[in-house]
Amino acid sequence: DLSSSLELQSWFGELKNDWDWIDLLVANAGTMPSPAKLWEIPCEDWQKTLQVNVLSTSQVLRHSVPLLKQGSIVVLISSRYGRTVASGMSCYSATKWATEALAKTLALELQKEKVVVVSLDPGVVNTQMLQQSCGPQELEWCHKQRGPEDFAADAGPFLLSLSMADTGRNLTVPGCPPSSFQTAVAYKDRPAWANG
């Protein structure tokens, strides 16, 4: 349960006993409510999405940072919605913009320790979360997207190749198909330390 600080503390304590440190941390927990206009999204959907996508991620980082060492890599799974906006996606998008901010802030704070921190847009991956967020007419499209295994095959070597030259960047995994959301407004990636 990522929302339980005590469970996370116990899990990271076991990890420290078994391994001493973390070489690669991928924070991939996420939830996406059904698409709706901003004013139509129930408060419960906002709370759940913020809890899973932002607060749980911050708790994982809180417990994992002491186990990072020079050369460790931290990847926060974001989304194209953390870099764009689209009608019906305000709740999910807001939490993924927050994920982008967490990644940039952590990269800045761990720069002296030479820990690589990036956000990663996985692109469209056929997961249960994607299928639950799609309407019946989009389900066939969901099933045609690459699966988690294909994503892992593309992402694994790419993530392990990251260096301090990448820290603070918004990255997209190789093999990511072009955006199917033509109405989105792009947020242009800036150099890692463009804003101070």
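Predicted model: local features only at pLDDT ≥ 70, side-chain atom pairs only at ≥ 80, totals over all residues.
Is Cys-91 buried or exposed? Cys-91 is buried, its relative accessible area being 1%.

1. Cysteines. The count of disulfides is 0. The cysteine sulfur closest to that of Cys-43 belongs to Cys-91, and the 9.8 Å between them is too far for a bond, since a disulfide requires sulfur atoms within 2.5 Å. Cys-91 likewise takes part in no disulfide, with the sulfur of Cys-43 as its nearest.

2. Accessibility of the two cysteines. Cys-43 has a relative accessibility of 46% and therefore counts as partly exposed. Cys-91, by contrast, is buried at 1%.

3. Four strands form an open sheet in the order 1-2-3-4, and the pairing is parallel. Strand 1 (22-27) and strand 4 (170-172) lie at the edges, each pairing on one side only. On average, neighbouring strands are turned by 25 degrees against each other, direction ignored.

4. Strands 1 and 2. Strand 2 covers residues 68-77 and pairs with strand 1 in the parallel sense over 5 bridges. Ile-22 has Leu-68, in strand 2, as its bridge partner.

5. Pro-35. This residue sits in the loop that runs between strand 1 and helix 2 (43-64). Its relative accessibility is 44%, so Pro-35 counts as partly exposed. Beyond neighbours within four places in sequence, Pro-35 is in contact with Gly-88, Met-89 and Ser-133. Pro-35 and Ser-133 are separated by 98 residues in sequence, yet their C-alpha atoms are 6.8 Å apart.

Technical notes. Residues numbered from 1 in each chain as written. Heavy atoms only, no water. Pairing = 2+ DSSP bridges. Helix = DSSP H or I, 4+ residues; strand = E, 2+ residues; numbered from the N terminus. Axes fitted to C-alpha atoms, helices over the stretch in contact; angles between N-to-C directions. Buried < 20%, exposed > 50% of the residue type's maximum accessible area, 1.4 Å probe, protein only. Contact = heavy atoms within 4.5 Å.
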